[in-house]
Amino acid sequence: MNHTKYLALAALVMAFSACDDIEDSTSLPQTNPQLPGVDAANVVVLPGADAAAPIDLGAFNAADSYIRIASVATPSDWPEGFVPEVPMMQMSVSQSFADCIEVTTTMGADGEVLIAPDTWDGVWKKNFGRNPAQRTLYLRFPVYAVKGSQSVRMGGLDTWYGAETVTVAPFNEFDHTIEGTYYVVGSFCGWDLARGVKLDHSGYDPYDDPNFHTLLSVDGAGYEFVVVPASTVAAGTLSAGYYGGEYPAFTDADGMLLASTDASTPASLLIDHAGSYELKINMETLAYSYQSAFSLLYTPGNSNGWNQEASQVLTSADYKWFSGYVHLDGEFKFTTAPNWDGTNYGAGATPGTLDPTGGNLSAPANALYYATVSIPELTYSLTEITTLGIIGSATPAGWDGQTNLTPSADFLTWTGILTLTDGEFKFRMNDNWDINLGGSVDALIGNGANIPVAAGTYLVTLDFSSVPYTCTLTPQ
């Protein structure tokens with residue numbers, strides 16, 4: 001309803017609040033605390049003509065029609081010239097109105113209380129989310145007696161009228177149902193619905209977060225699969241509905257899901273290369289994609305005899321961006337497996353780039369490096385750690401400078417004997433804050449929190465030989 005946009009803007013300012021904490025939030029000026037000779041108990045607010053049946057906000061909006069939510073009559077004992085006004089309603093999912101929401105209303109003819117469907121829907125979406133399912137709501141209204149610039153709330157701030165229950169459905173933005181649980185079913189489980197892999201989800205309402213994902217470990221034969229909602233698993237047959245697509249090439253591992261319920265018989269999806277993959281699906285847009293999902297990058301090279309298992313690893317939280325501390329001495333590579341059976345990234349065509357078929361990479365010096373890798377961009381960076389120290393309120397130089405530690409021959413252990421005071425500390429590299437470690441002594445992380453320490457003299461040992469990185473404080 002274009003003519004009610006100003007109401008929607010006003011309504012969106014209102015949010016969930018404890019009803020006991022709500023003061024008179026209307027714009028009506030209250031110039032008189034009482035209306036002489038009027039009994040507030042005589043005010044009657046009844047359900048409106050549209051309140052009895054379930055209220056479909058989308059249908060009212062399509063008809064460009066207000067919703068007649070309540071009606072209020074002028075009591076016979078009101079002074080001449082005063083008329084009733086209901087500037088807003090409160091709605092709540094509980095009869096106690098312990099949590100309630102205010103929605104702007106307006107007055108129509110003959111005391112009708114009207115609400116614009118887009119106003120109501122805007123407040124609904126802000127507080128309840130996008131799920132189109134209908135809800136049962138409790139409503140109540142304040143009533144004002146208004147004459148020109150005079151306005152009096154009948155019965156005071158704690159008085160509400162016309163308590164009623166309504167069933168309401170918001171605008172439905174979706175052309176298909178989004179369920180809360182989905183499974184991957186395919187050749188890997190013999191197409192047995194009971195043995196499908198459940199997709200992970202945040203647990204929020206799927207209409208507000210329609211993103212699902214899972215890891216698939218694909219063997220040499222490849223996997224054919226479809227995506228199956230929980231309702232189909234409960235029905236015990238794929239004929240109840242599933243999502244598939246066209247067979248994609250391995251290098252184009254993304255596309256749109258096709259629903260079998262749309263008078264189509266979609267093909268199985270296919271991953272035809274062995275490996276570990278992350279499958280992502282947006283059940284609102286029906287877009288899917290999968291990508292290699294190795295969580296570690298190994299760094300075989302001169303420094304470890306080209307042995308992946310003896311190398312340091314880079315870690316990743318998203319299978320795309322990797323980082324970590326590694327000892328390098330000349331040539332090396334990044335590999336996705338603890339052997340040469342995975343993808344082995346070497347030098348790309350230009351400095352700082354990677355190529356799965358490229359030659360050996362090279363580090364400029366025998367040193368510890370902070371390494372980063374972007375698999376989507378096929379790029380990497382190496383930052384040589386020339387100094388590494390402890391810094392913080394507990395350290396000799398405070399936060400003004402780092403007290404450097406001494407590296408071992410392989411640069412994986414850094415030590416120093418320090419006298420510390422009660423306070424906090426972190427580890428910092430290269431005398432600046434670009435690269436630092438904090439968090440906890442048994443799980444150091446980049447840019448982590450300050451680490452508390454009690455006063456004393458300690459042998460401080462920082463260990464990069466395995467993940468997570470750790471430090472020990474041995475009293476001296």
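Colleague: Which residue takes a positive phi just after α3?

Modeller: Gly 129, at about 90°. This is a predicted model, where local features need pLDDT of at least 70, side-chain atom pairs count only at pLDDT 80 or more, and totals for chains, interfaces and linings use all residues. Residues are numbered from 1 along each chain as its sequence is written, and side-chain values use heavy atoms, with hydrogens and water left out.

Colleague: What makes α3 a helix, and what is its span?

Modeller: Helices are DSSP runs of H or I, at least four residues, numbered from the N terminus. α3 covers residues 117-128, 12 residues. Its first and last C-alpha lie 15 Å apart, close to the 16 Å expected. That expectation is 1.5 Å times one less than the number of residues.

Colleague: Why is Cys 189 called buried?

Modeller: Buried means under 20% relative accessible area, exposed over 50%, partly exposed in between (1.4 Å probe, protein chains only). Cys 189 has 2%, so it counts as buried. Cys 471 has 5%, so it is buried too.

Colleague: How many disulfides does a search of the whole structure find?

Modeller: It finds 0. A disulfide needs a pair of cysteine sulfur atoms within 2.5 Å.

Colleague: Why is Ser 260 called buried?

Modeller: Its relative accessible area is 17%, so Ser 260 qualifies as buried.

Colleague: What does the side chain of Ser 260 reach?

Modeller: The backbone nitrogen of Tyr 242, at 2.9 Å. Ser 260 also touches Gly 241 and Pro 266, among others, not counting residues up to four places away in sequence. Contact means heavy atoms within 4.5 Å.

Colleague: How many residues of α3 are buried?

Modeller: 11 of its 12, so α3 is mostly covered.

Conventions:
A polar contact is a pair of N or O atoms within 3.5 Å; within protein, one must be able to donate a hydrogen and the other to accept it, and residues adjacent in sequence count only if both atoms are side-chain atoms. Helices (H or I, at least four residues) and strands (E, at least two) are DSSP runs, numbered from the N terminus.
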